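This report covers the strand and helix arrangement of a single chain.

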Amino acid sequence: MATRGEQGFMRSMNFGKHHPNSILIALLLSAGVATSAFAANGENATTPSEGLFLTQIVILVIVGRLLGEFMVRIGQPSIMGQIIGGVLLGPSVLGEILPDFQAMMFPAGDAQKSMINAVAQLGILFLLLLAGMETDLGLAQRMRRAAFGVSFTGIVVPFAAGFALGELLPASLLPDPEKRLVASLFLGTALSISSVKIVASVVREMDFMRRNIGQLIVASAIIDDTVGWVIISVTFSLAEKGAVELPTLAKSVVGTLVFMGLSFTIGRRVVFEIIRWTNDRFKSDLPVLSAIIATMGVMAIITNLIGVHTVLGAFVAGILVGQSPILTRQIDTQLRALTTALFMPVFFGLTGLQTDLTVVRDPAILLLASGLIVIASIGKFGGAFLGGRFGGFSTSEAIALGCGMNARGSTEVIVASIGLSVGVLDQRLFSIIVAMAVVTTMMMPPTLRWALARLPVREEERNRLESEEFEKASYLANFERILLAVDRSKNGNLASRISGFLAAVRQMPVTVLRIDDETKRPPNAERSDADGVTTFVDQVKATATKAVAQSDTDSATPADVHVTGRKKDGDLERALSESAEKGHDLMIIGAEPAVADAGGLDERFTKMTSSFQGTVAITFSRGRVPENDNELRILVPVSGTERSTRAVEFASAIAKAAGCEIAVVYVTDPQQLVRMPRLSDMSDLHKEAFKRVDKIAAYYGLDIGKTVERGTSPELAILRNARRRRANLIILGVSRQAGTRLSYGGIANSLIDAADRSIIVIEAEK
């Protein structure tokens, strides 16, 4: 039987069989029935109900998802829907319409609230972990000068305004007037930080992420977030003590600086090794996800021990995880799914539940809320605008900066929740800050769209956009990890050098797997332990480190070179299959014998390529391979096909790392020559192919020579051009032919059999 609250609820909503179906109404009605059942089971205030807890979770998740979807459809961030959903379910709306029903759904008892609060607190850590993973430190580094200027003024101006407001607030608005300083710090922080998640999503949505101003907005927001969490962590330590104690403050500040310094040096490498080791050694489902959660927990505990809030540890852990060079896409998908589906709607929904907008009935509170929104907007806009103008940006660009930085979103909500939890903010101030965050966040997308639409494209932007457009469609960008399958032979040495070059240019981690076959050892091969990988690991590291050191860019450092070894335990085919499952998507093979006695590739290569579900490149070391990298001379045959163009990119990355010469030769098809009556018609065949080569050359900053060879035999034309250019390495894009034995077609097979110089074939059609 329905309770009086439920009957009133049904009457107020006119819910009957002739009323249109409503998901939210049905949901709330079902929740009311379920809640009544739990209450009727004799639950009391000191004993939490698991059934009621699950009902609350379901309600918050569904309402948050529905309203979040609505917000996205009208051009607003989805978290606004989750917060508004909580407000609708809280005392501001449902509590006013049906107070008994609302109190029954979300009772005020500490025992019941502690259950869902625990999920919300865990949600804060996951939200900060995800925010850290989305933080692009490389972007902040590239834009550091302008971004620090915008961030500095964008933080100082609104922080000073918020702090002054806190100092001027009447004592009646503070829960503890003795903690006025800490309350002022919380207000200053809440007004000064931008939400990098909201900012980045709007800039990305408008396709301005690769424009100068878009990158500056996001980079400034990243710095805002990072500095803000340091400030709020120190402020939290002051809130716990209730006053400014110099020893405590020194411990928090020094501890934070040491923690940040160790995290971005030693910790960066440690986190990557944890992810790599867990991924490569564990066979159970989702081991990396468990490792990341454990890492986040440990770093949060460390920050708690040094006297700052756990959110800083979670945020820094997310940054380090996001910089991991392997499995970032899988990690991001898994964590984003868990956080988005559960923790975000619960945390933001609970924030809305704790927000009581009925306090604005008091004219003084309404005036304070309006003033806070105005101060927050003008302070943040003005600070970012001044930073942009001082940084040499135009008025239009500075306006876009001011509009873009004026979004609080999730950041201020978390700050307000922390302030409420430690008792420096009361329910009124908490509700006002949440309202400010909602209003400023919903103002940001339309104002930023308006400001960005008025900005012209600069010449240097156009050039960089073309370069970044190439990277977006890059063939090599699809690869994450290299598996180097080698033995101690000349082929293995060449494969190791090639892997080192790619590791340097593309920052791809390399795993070395020894594949020595003692029964087929070539006479000149050096005898060694078949499972020893140290020599090859050192060789790859040395090659990559040297290439990074000689690079004319600051995009990579020797610390970005990750090379590990793996023993071949048991069956080789099984080891290769497992490697592909662990995220290795490019295998470079260097082994002998490579060619069978009867011609064609050795049978072992057929088994290896069949076992590895990824792209394969095979090296054939012939003649003299110079020890000095810059003495290499690379030749790439092209024919206008996609695989030959991809081979040019593969070769260009190697040439960039080695600092060596590279050229392409367009080899015409004899059948096409017969059909072409004029020389001008024939020249058109390679024109488009050379255009694509020029784009690759521009991206890697190379001068690629281009020639056309004519003849009845493409393989002879390639070798003739190689001798003329004194090329010592031919890189050929191939496709695997159908059949039980590995074959790459007539031209590739002929070159492999007859060439007197080194060759690399790469399967460039996958």
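An open sheet with mixed pairing is built from 10 strands in the order 3-2-1-4-5-10-9-6-7-8. Strand 3 (563-566) and strand 8 (705-709) are at the edges, and each has a single partner strand, so one side of each lacks a neighbour in the sheet. From one strand to the next the twist averages 20°. Two strands pair if DSSP finds at least two bridges between them. Strands (E, at least two residues) and helices (H or I, at least four residues) are DSSP runs, numbered from the N terminus.

Strand 4 (residues 586-590) and strand 5 (residues 615-620) run parallel and are joined by 4 bridges. Within this pairing, I588 has A617 of strand 5 as its bridge partner.

## Basis of the model

The model is predicted: local features need pLDDT of at least 70 and side-chain atom pairs count only at pLDDT 80 or more, while totals for chains, interfaces and linings use all residues. Residues are numbered from 1 along each chain as its sequence is written, and side-chain values use heavy atoms, with hydrogens and water left out.

## A helix across the sheet

Helix 22 (residues 490-506) lies across strand 1 (482-486), strand 2 (510-514), strand 4, strand 5, strand 9 (729-734) and strand 10 (758-763). Its direction is at about 150° to strand 4. Axes are lines fitted to C-alpha atoms, for helices over the stretch in contact, and angles run from 0 to 180 degrees between N-to-C directions. Contact means heavy atoms within 4.5 Å.

## Packing of helix 17

Helix 17 (residues 363-390) packs on helix 20 (residues 427-452) at an angle of about 45°, the axes being 9 Å apart. That makes helix 17 oblique to helix 20 (under 35 degrees is roughly parallel, over 145 roughly antiparallel, 65 to 115 roughly perpendicular and the rest oblique). On the helix 17 side the contact includes I365, L368 and L372, and on the helix 20 side it includes R428, I432 and M436. By class, this contact of helix 17 with helix 20 has 12 nonpolar, 2 polar and 1 charged residues.

Helix 17 also packs with helix 18 (residues 395-405), at an angle of about 145° and with axes 8 Å apart. Residues of this contact include F381, F385 and R389 of helix 17 and I399, L401 and M405 of helix 18.

## Whole chain

The chain has 30 helices and 10 strands. Of its 766 residues, 54% count as buried (under 20% relative accessible area, 1.4 Å probe, protein chains only).

Technical notes
Ala, Val, Leu, Ile, Met, Phe, Trp, Tyr, Cys and Pro count as nonpolar, Asp, Glu, Lys and Arg as charged, and the others, Gly among them, as polar. Buried means under 20% relative accessible area, exposed over 50%, partly exposed in between (1.4 Å probe, protein chains only).
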